[in-house]
Amino acid sequence: MHYQISVTDPDSHLLSIIYTIPDIVSNYIEVQLPAWRPGRYEIQNFAKNIQFIEAISRSGQKLLLTKLTKDRWRVETEGESEVQIRYSYYSAVQNAGTSYVDNELWYLNFINFCMYTEGRINDPCIVKLDLPEGFDIACGLSPFWEIVNNIPTVYGGILAAGNFYELVDSPLLASANLQKCEYKAGRISFTVWIQGNLLPDWKRIENDFQRFSEEQIATMREFPESNYHFLNLILPTAYYHGVEHRNSTMIVLGPDDEGEGLYTDLLGVSSHELFHAWNIIRIRPKELLPYDFTKENYFRTCFVAEGCTTYYGDLFLKRAGIFDEEAYIKELQVYMKRHFESSAASTQSLTDSSFDLWLDGYEKGIPNRKVSVYQKGALVSLILDLYIRKKQTISSH
Ligand SMILES: [Zn+2]
């Protein structure tokens with residue numbers, strides 16, 4: 001599977017995508033754009049951002065393209081072994097799960113705009129980015145390479161993914177102004193990338209990030225990837241949003257002049273997202289294996305994914321010596337305040353609110369109905385952890 005991505009007019013915020021499907025042996029194929037993205041369990045209907053779409057044969061003939069559902073199309077292949085779907089995608093929103101392009105930045109979440117072909121979701125994927133001169137790439141995907149005249153050759157602007165799941169779990173930042181620092185925790189290479197109007201204190205970032213990364217790996221015994229990327233987009237406006245991925249996380253924070261508050265947010269969200277590399281990326285509810293990108297994937301245990309991760313994210317910062325006792329207790333108080341003030345009288349259980357994420361999980365909702373899988377989930381994790389510790393103390397005496 002091959003995706004060529006270009007931006008002809010950056011001011012239009014339109015991505016041009018050519019999706020090439022080779023080795024076709026059937027009279028028709030069906031292509032699907034995801035209806036949601038992992039990390040946010042609600043239908044997002046990315047297809048609403050497609051401005052134009054057509055199907056073309058290898059010889060340049062237009063093929064019949066029929067829409068089957070809101071985000072699924074059927075292409076009559078007319079005996080062709082290779083088909084191209086050409087379409088444009090409007091990319092003008094900056095949060096941790098969207099895509100955005102302009103003159104200075106390409107911020108891509110492939111799940112927003114890459115289609116897969118039914119029956120071939122496990123095929124390897126290659127992405128070719130027609131980037132402006134001088135742009136660097138920050139992404140968890142490996143550069144595409146092949147052996148040319150017995151020499152391994154890497155191509156700039158071309159990335160490779162083992163399958164569609166890996167592709168859409170690897171967001172990307174590209175610009176001429178990316179800043180980065182690298183560190184190691186054990187044998188694992190970590191890179192912290194920052195895009196934005198900010199002069200980072202890299203010494204402090206390297207020191208603190210290394211400590212919480214080592215603390216997490218020591219607790220979990222091993223890390224499931226050989227490298228990991230923190231992708232940070234720092235905005236001039238107030239923002240706090242992070243999304244977990246296979247060997248990376250996408251974080252959007254702001255405002256960029258907030259100083260110490262911004263740094264505390266960066267630590268909190270980064271430790272949280274790194275722990276997701278185990279909890280949800282590797283340790284995942286069976287209802288989400290594999291992801292079905294066409295519809296709701298109901299599960300009752302999002303409070304384990306988000307609550308435990310919220311609880312452990314801060315606990316790792318305390319254990320690594322980055323948060324002192326006072327800072328840590330303050331974080332616990334924040335969960336309690338938010339939980340008891342907003343949902344102490346809610347009628348739903350944590351498991352029911354997990355299930356209903358797909359209904360209204362990411363909006364305020366009506367009074368006294370749902371609870372937060374993050375805040376109540378973190379408090380339940382605290383209670384369970386204290387209970388286990390108490391049992392262990394009793395049994396060891
Ligand atoms: Zn999370």
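At what angle do the axes of helix α3 (residues 202-220) and helix α5 (residues 302-319) cross, and within what distance do they come?

## The crossing of α3 and α5

In this predicted model, the axes of helix α3 and helix α5 cross at roughly 110° and come within 9 Å. Since angles of 65 to 115 degrees count as roughly perpendicular, α3 and α5 are therefore roughly perpendicular to each other. The crossing of these two helices is right-handed.

On the α3 side the contact is made by Phe212, Glu215 and Gln216, and on the α5 side by Phe316, Leu317 and Arg319. Sorted by class, the residues in the contact of α3 with α5 are 3 nonpolar, 1 polar and 2 charged.

## Helix α4 and its surroundings

Helix α4, which covers residues 260-276 and has 17 residues, reaches 25 Å from its first C-alpha to its last, a span close to the 24 Å expected at 1.5 Å a residue.

The buried residues of α4 include Leu266, Leu267 and Val269, together with Ser270, Ser271, His272, Glu273, Leu274, Phe275 and His276. The packing partners of the buried residues of α4 are α3 and α5, along with the strands β19 (227-234), β20 (239-244) and β21 (248-254).

## Helix α9 and what covers it

Helix α9 (residues 375-395) has 21 residues, which at 1.5 Å a residue should span 30 Å, and its end C-alpha atoms are 30 Å apart, in agreement with that expectation.

Within α9, the residues Gln375, Lys376, Gly377, Ala378, Leu379 and Ser381 are buried. Among the elements that cover the buried residues of α9 are α5, α6 (325-343) and α7 (350-355).

Notes: Residues are numbered from 1 along each chain as its sequence is written. This is a predicted model: local features need pLDDT of at least 70, side-chain atom pairs count only at pLDDT 80 or more; totals for chains, interfaces and linings use all residues. Axes are lines fitted to C-alpha atoms, for helices over the stretch in contact, and angles run from 0 to 180 degrees between N-to-C directions. Helices (H or I, at least four residues) and strands (E, at least two) are DSSP runs, numbered from the N terminus. Angles under 35 degrees count as roughly parallel, over 145 as roughly antiparallel, 65 to 115 as roughly perpendicular and the rest as oblique. A crossing is left-handed if the near helix is turned anticlockwise from the far one by less than a right angle, and right-handed if clockwise. Two residues are in contact if their C-beta atoms, placed from the backbone, lie within 7 Å. Ala, Val, Leu, Ile, Met, Phe, Trp, Tyr, Cys and Pro count as nonpolar, Asp, Glu, Lys and Arg as charged, and the others, Gly among them, as polar. The expected span of a helix is 1.5 Å times one less than its number of residues. A residue is buried if 20 or more other C-beta atoms lie within 10 Å of its own, exposed if 12 or fewer, and partly exposed in between; C-beta atoms are placed from the backbone.
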